[in-house]
Amino acid sequence: MLIDAAAYRSPWRRLHPAVKGMLFGGLLVCALALPAWPGAPLAAAVALGAALGPARVAPRDFARAARGPLLFVLTGAAALLVSVGGPEGAVAFAPDGGARAAEVAGRAAAAVCCQIAFACTTPLADVLPRLSRAGVPEPVVEVVALVYRMLFVALEGSRRIRAAQTARLGYNGWRAGVRSAGALGAALFVRSYDRARRLQRGLECRGYTGALTVLVAESPLRPAALAAAAAPPVLVAAAVLGAGALGAAP
Amino acid sequence: MHIAEGFLPWQHAAAWTAAAAPFVAHGIRTMTLAVRADPDSKLLLGASGAFCFVLSALKIPSITGSCSHPTGVGLGAVLFRPPVMAALGTVTLLFQALLLAHGGLTTLGANVFSMAVVGPWAAYGTYRAVRALTRSLPETTALGLAVFFASALASVSAYTVTSLQLALAHPDPADGFLGAFAAFAAVFSLTQIPLAVIEGLVTVVVVRLLSTV
Amino acid sequence: MTGAARAAAPALAARGLVFGYPDSPPVFTGLALEVPAGRTLAVLGPNGGGKTTLLRLLAGSLAPAAGEVRVDGAPVGRGRRALAGLRRRVQLVFQDPDDQLFSADVRQDVSFGPLNLGLDPAAAAERVAWALDALGITALADRPTHLLSYGQRKRVVLAGALAMRPDVLLLDEPTAGLDPEGVESLLATLEGLRGHGTTLVMATHDVDLAYRWADRVLLVDRAVLAEGPAREVLADTAALAAARLRPAWAPTAARALREAGLLPDGAPDPATPEEAARLLRP
Amino acid sequence: MTGAARAAAPALAARGLVFGYPDSPPVFTGLALEVPAGRTLAVLGPNGGGKTTLLRLLAGSLAPAAGEVRVDGAPVGRGRRALAGLRRRVQLVFQDPDDQLFSADVRQDVSFGPLNLGLDPAAAAERVAWALDALGITALADRPTHLLSYGQRKRVVLAGALAMRPDVLLLDEPTAGLDPEGVESLLATLEGLRGHGTTLVMATHDVDLAYRWADRVLLVDRAVLAEGPAREVLADTAALAAARLRPAWAPTAARALREAGLLPDGAPDPATPEEAARLLRP
């Protein structure tokens, strides 16, 4: 869990999630809503600069996190290059497909940067308890928080089961692989239920009677910080729109 | 297959979020009522959500020799029923977006619609239909067939919806939506159909083992 | 309850406990025990002998089919309020820390028990800070639970129990999976708690550990096989054999040294190999 | 490989192993070791010192960043075929049996490896029967795995590894969670395997166990701190302290008895407290 680990390490962890949401969410809106050129690269540059600069996310971590979604963006954009069943034949290069693909890829790549910058600086442990203040029903918040804790236990279990299966040649060949993956899925399901039962038992001894109430560290939301976080997206928007207006002027 | 952040224009992202919202709201209400009626079900739901997440992170063998991930949608729908899957699937997709950068936040609604709404309902419908058609067959065969088709079709239908979402967002300038849909479907079907078959087989093994416990 | 009455009655006692899991032979058919306040008791026995079951019965986490558990002389009921009262007084720490950790970060998790006691946030925060300090893990307060090592998670669970300020702390195999350094640091922590008057009960199958740590020992194998001062019970090879345990080094060495005239009669037994070796030096 | 060459090369060796987990300091920066064929090696060290990591590197379950593992003198590659070959020869048994049991019943679970080796059902069944017999659990063959006790599950997992007929068996904390009776019966099983020429490696932090069981000992704490015959290395208090371990009773008693003139120079060290006590009797 590369992103999760990076988020706990970042010096920006201490900032209120809403501040980071304002900064990177604002930039995300810039990437999607402003004219793609130069809106997208500008938003991406500011998000990257913030994440790799003051938030000190390791460039290698950032690159590894971005690899998957960027691969999707490139494959998806590639589909825009071709035209199927048109007058030019079954498959042909679409007219102005290159420009469209570049615009979609540019926007999406910038948006992905904003998303990863937020995720790499904001641990979920800080976000989840605040969901109830955002209007999500309490039981759902508690279930979501439990999912977060239990998925790491389950993930670790699945890694170990898989290693044990591999040691006994469980993934040597396609048939064995299907059988092993199925056995792993079944074992995980049984263990998840067992885990829930045991956790129930353990929590009852700590006075659990139905509510999973915990103290959430208060980090006050300062209006000044929120305003400061809003500044970069506003400046990006102003720069792009301003340049557009100047360009349009005779 | 998760639509990455920013790949949909904002109008489309909003529309798909609105389309998914009633299903998710219904799922959340089902879940809230269940938890209110029996607070202990909270821990089971938490474990189930964790299971769904880890399931979708499993590596399964693929034809090309490299490894891919199952959607887990079919198994989840058979185990937990579609309404609960709408809620658990949303939680899974949210965590995938924030922990793995698989799928985005603005595209969450679109991904929820394909993988936590259409996929589970397709799986559930297929499961019921195949069970009804195979009543004369021995139980293990009938169950195996139903589970196989349910999870393979859930996987295929989720990717079809994704292709549709992409085609609507980026129609082909020459021949519009249909051309774009064909292009996206062609690009993704090469990888997704064999995967759906493998996921179906793996799910059959899972259900067979679980039914012996 | 007044201080005098409290000093007189055992902190924790059980009488005629009968218990069995469904579909298996009964575990206990009339077990009785007493733990004097402020003392340490080690419950020793083989796997499957009922150590964990006994702790869970004492903590109210399992209901006996017959018999009763008494805290400070007063019987504990099975109602919601009675159990809530029991959990203020008696805390059980499970062997596997993942059975008791549910929250995303350490501070949140430790605050769960105090909040269940009905404390207000400020008082709960104070309890959390105190418990983290008592275990020397204040530095972990903001760390996510899933990035902790096994030993660290064991301490966090212990802090979660301590934050309830229990009079009696029950520990199921607390040293399992810890390395020697981890065991030492746990024992030092327990020594501190004992200094504050906490009654401590530990289930283990490590005879040497029990010998070193416990005032009293209970040998259990689906029934109480022996009960008494640790040094006496653990020197009784026959009783140990009945509980399917092996003689420990420390009591065997002490007895041999005493028989050889190398250890004066009133002197305390050597607890570590070095102490025993020193006695052999001419 | 011919018998002669095999006898000459160590069964298992590693050279210059470099390894680290992402986001944490490196575990090993050039580790080397050798395990002679048919011998027993105990890997001792504190938690987090890299014992499990080392076993996983030796079993091919982790890939070193640099360096190589050799089996019978031949380097092991990282390709699919090379790893499959390694897994036929070297089997790793993990600490927690629940991570390794994933079939509905015992027979099915033990047959998992042999079937993956490509054996036909009859040959696989023969292997299963042999492995169950070697562990004395033939009676459990048709039992569902989730109804077994902890000790039984540990044996089934060991049977699953044995059914692959490995030349080298790596065991991660095999005695963890076992009671003294369970430990004895495990050691008896390992003694039987050793009699058949299997090379055995065990990771543990139980110094007394290593002293009793191992021919050779490796002290590991993110590097090899000491390596040599068990009786020598474990008597070296300074080396033990460096590996954050405590001196064991057995070597301390042996040295003290020898210094006191009670243990003849050539005589084997006492392995149990009773043996040591006997030497003290006039």
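Buried area is the accessible area that two parts lose on being put together, summed over both. In this predicted model, the area buried between chain D and chain C is about 2800 Å². Carbon and sulfur atoms give 64% of that area. The contact is made by 34 residues from chain D and 34 residues from chain C. Three residues, R246(D), W249(D) and P273(D), supply 27% of the area that chain D buries against chain C, more than any other three residues.

Charged and polar pairs were then counted across the interface of chain D and chain C. Four salt bridges are found there. In one of these, E184(D) pairs with R246(C), and the closest N and O atoms are 3.5 Å apart. Ten residue pairs are in polar contact across the interface of chain D and chain C. On the side of chain D that touches chain C, the elements giving two or more residues are α7 (180–195), α8 (207–213), α11 (249–259) and α12 (273–280) of chain D. Of these, α11(D) gives the most, with seven residues. By residue class, the side of chain D that touches chain C consists of 19 nonpolar, five polar and ten charged residues.

Chain C itself has twelve helices and ten strands. Its radius of gyration is 20 Å, close to the 19 Å that the globule rule gives for 282 residues, so chain C is as compact as a globular protein of that length. The C-alpha trace of chain C spans about 60 × 45 × 45 Å along its principal axes. Of the 282 residues of chain C, 55% count as buried.

Chain B brings 67 residues to the contact and chain A brings 71 residues. K42(B), L43(B) and L99(B) supply 12% of the area that chain B buries against chain A, more than any other three residues.

One salt bridge is counted between chain B and chain A. The side chains of K42(B) and E142(A) meet in a salt bridge, with an N to O distance of 2.4 Å. Ten residue pairs are in polar contact across the interface of chain B and chain A. The elements of chain B that give two or more residues to the side touching chain A are α1 (10–37), α2 (41–57), β1 (60–61), α3 (73–80), α4 (82–100) and α7 (176–212). The largest share, 13 residues, comes from α7(B). The side of chain B that touches chain A divides into 48 nonpolar, twelve polar and seven charged residues.

H170(B) lies in the loop between α6 (139–169) and α7 of chain B. The relative accessible area of H170(B) is 8%, and this residue is buried because the cut-off is under 20%. The side chain of H170(B) reaches the backbone oxygen of F7(B) at 2.8 Å. With neighbours within four places in sequence left aside, H170(B) is in contact with F7(B), P9(B), A180(B) and F184(B), and also with L80(A), R100(A) and V104(A).

Methods: Residues are numbered from 1 along each chain as its sequence is written. Chains are lettered from A and ligands numbered from 1 in the order in which they are written. This is a predicted model: local features need pLDDT of at least 70, side-chain atom pairs count only at pLDDT 80 or more; totals for chains, interfaces and linings use all residues. Side-chain values use heavy atoms; hydrogens and water are left out. Contact means heavy atoms within 4.5 Å. Buried area is the accessible area (1.4 Å probe) that two parts lose on being put together, summed over both. A polar contact is a pair of N or O atoms within 3.5 Å; within protein, one must be able to donate a hydrogen and the other to accept it, and residues adjacent in sequence count only if both atoms are side-chain atoms. Helices (H or I, at least four residues) and strands (E, at least two) are DSSP runs, numbered from the N terminus. Ala, Val, Leu, Ile, Met, Phe, Trp, Tyr, Cys and Pro count as nonpolar, Asp, Glu, Lys and Arg as charged, and the others, Gly among them, as polar. The radius of gyration is taken over C-alpha atoms; the globule rule is 2.2 Å times the number of residues to the power 0.38. Buried means under 20% relative accessible area, exposed over 50%, partly exposed in between (1.4 Å probe, protein chains only).
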